[in-house]
Amino acid sequence: MGDLGEKLMEELNCEVAFEIPVFGGIPIYESVVVTWIIMAVIVLLCVCLVRGLKVENPGKIQLFMESAFSWGYKFFYDILGENGKQYIGYLITVTLYIGFANMIGLFGLKSPTKDLNITIALAVMSIVLIEFSALRHKGGKKFIKSFAEPIAIVAPINVLELFIRPLSLCMRLFGNILGAFVAMELIKCIVPFVLPVPFSLYFDVFDGLIQAYVFVFLTSLFMKEGLE
């Protein structure tokens, strides 16, 4: 258990990758560098996959990508409706980022979502978009009035939700990813050879994709409440 504690603290420790020599040195953490790598991979994949698109007789890769995008667009459109379709691009992008971030451990890199700062940033971005979409859709007067619905006495609770929602989003993502790491280390201690391989695929791939789905699904549900 002592070794597990040391490994857990090592995972929670955000190491400085390098410093930018301005203003006395700006530290750039490992999670930020890995995020840049994920962004570069996503951009490169987008550039490569959209080359040579055809209207007639498309290839198998193009058909697969069109089907995947159509499925994702329809999934979010069914939740948000016509009023929220302009935010679907953001939700799909966040899904890709979190999915890649959770699976990047398979390539020997530390997942950025194990850094609480990253999950907080994602949660803040989502909650700002949620409240912005509600404000834009309802207008200032109706937006403020919505905090007193259904009755005025619940207004403090509705205001408190502005802080509870991002906390819930970031801690759920961070906690599940960290919990998967702890479970994987315990499995390695008990059965250190063959069994960890399929469990690693489960925690790094399946569970990682599930957490990406849960994050954007909850974000879209919160957004739908503001757009109704």
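**Rings, core and surface**

Guide: In this predicted model, phenylalanine 217 has a relative accessibility of 26% and so counts as partly exposed.

Visitor: Is tyrosine 213 buried, partly exposed or exposed?
Guide: Buried means under 20% relative accessible area and exposed means over 50%. Tyrosine 213 has a relative accessibility of 36%, so the class is partly exposed.

Visitor: How are the rings of tyrosine 213 and phenylalanine 217 arranged?
Guide: The two residues are 4 apart in helix H8, which means a separation of about one helical turn. Planes under 30 degrees apart count as stacked. The ring centres of tyrosine 213 and phenylalanine 217 are 5.5 Å apart and the planes are at 15°, so the pair is stacked.

Visitor: Which class of aromatic pair do phenylalanine 75 and tyrosine 213 form?
Guide: The whole structure holds 7 aromatic pairs. For phenylalanine 75 and tyrosine 213, the centres are 5.7 Å apart and the planes make an angle of 45°. Stacked needs under 30 degrees and edge-to-face over 60, and the class of this pair is tilted.

Visitor: How many residues apart in sequence are the parts tied together by phenylalanine 75 and tyrosine 213?
Guide: Phenylalanine 75 is in helix H3, while tyrosine 213 is in helix H8. Because the pair joins these two helices, the parts it ties together are separated in sequence by 138 residues.

Visitor: Which residues form the aromatic cluster with Tyr213?
Guide: Tyr213 pairs with phenylalanine 75 and with phenylalanine 217. The cluster that holds Tyr213 also takes in Trp71, Phe75, Phe76 and Phe217.

Visitor: Which residues have the most contacts inside the largest nonpolar core?
Guide: This core has 33 residues. Two or more of its residues come from each of H2, H3, H4 (88-103), H5 (116-138), H7 (155-190) and H8 (196-227). Phenylalanine 215 touches Val94, Ile98, Leu122, Ala123, Ser126, Leu169 and Leu173, leaving out residues up to four places away in sequence. The residues with the most contacts inside the core are Ile98 and Phe215.

Visitor: Is threonine 119 buried or exposed?
Guide: Threonine 119 sits in helix H5. Beyond its neighbours within four places in sequence, threonine 119 contacts Thr113, Cys170, Leu173 and Phe174. Its relative accessibility is 0%, so threonine 119 counts as buried.

Visitor: Which helix supplies the largest share of the nonpolar patch?
Guide: The patch covers about 840 Å² and consists of Ile37, Val41, Leu45, Leu49, Val50, Leu53, Ile61, Phe64, Met65 and Leu109. At least two of its residues come from each of helix H2 (30-49) and helix H3 (60-80), and Val50 is in the loop between H2 and H3. The largest share, 4 residues, is from H2.

Visitor: How far apart in space are isoleucine 61 and leucine 49?
Guide: Isoleucine 61 belongs to helix H3, and its 55% relative accessibility means that it counts as exposed. Isoleucine 61 and leucine 49 are 12 residues apart in sequence, and their C-alpha to C-alpha distance is 7.8 Å.

Visitor: What percentage of the residues of the chain count as buried?
Guide: The chain contains 8 helices and 2 strands. Its accessible surface is about 14,100 Å², with 71% belonging to carbon and sulfur atoms. Of the 228 residues, the part that counts as buried is 33%.

Terms used: Residues are numbered from 1 along each chain as its sequence is written. This is a predicted model: local features need pLDDT of at least 70, side-chain atom pairs count only at pLDDT 80 or more; totals for chains, interfaces and linings use all residues. Side-chain values use heavy atoms; hydrogens and water are left out. Patches are made of residues with over 30% relative accessible area and no salt bridge: like charges are joined within 9 Å, nonpolar side chains (Val, Leu, Ile, Met, Phe, Trp, Tyr) within 5 Å. Accessible areas come from the Shrake-Rupley method with a 1.4 Å probe; for residues, only the protein chains shown count as cover. A salt bridge is a side-chain nitrogen of Lys or Arg within 4 Å of a carboxyl oxygen of Asp or Glu. A nonpolar core is a set of buried Ala, Val, Leu, Ile, Met, Phe, Trp, Tyr and Cys residues joined through side-chain atoms within 4.5 Å. Buried means under 20% relative accessible area, exposed over 50%, partly exposed in between (1.4 Å probe, protein chains only). Contact means heavy atoms within 4.5 Å. Rings of Phe, Tyr and Trp (its six-membered ring) pair if their centres lie within 6.5 Å; planes under 30 degrees apart count as stacked, over 60 as edge-to-face and the rest as tilted.
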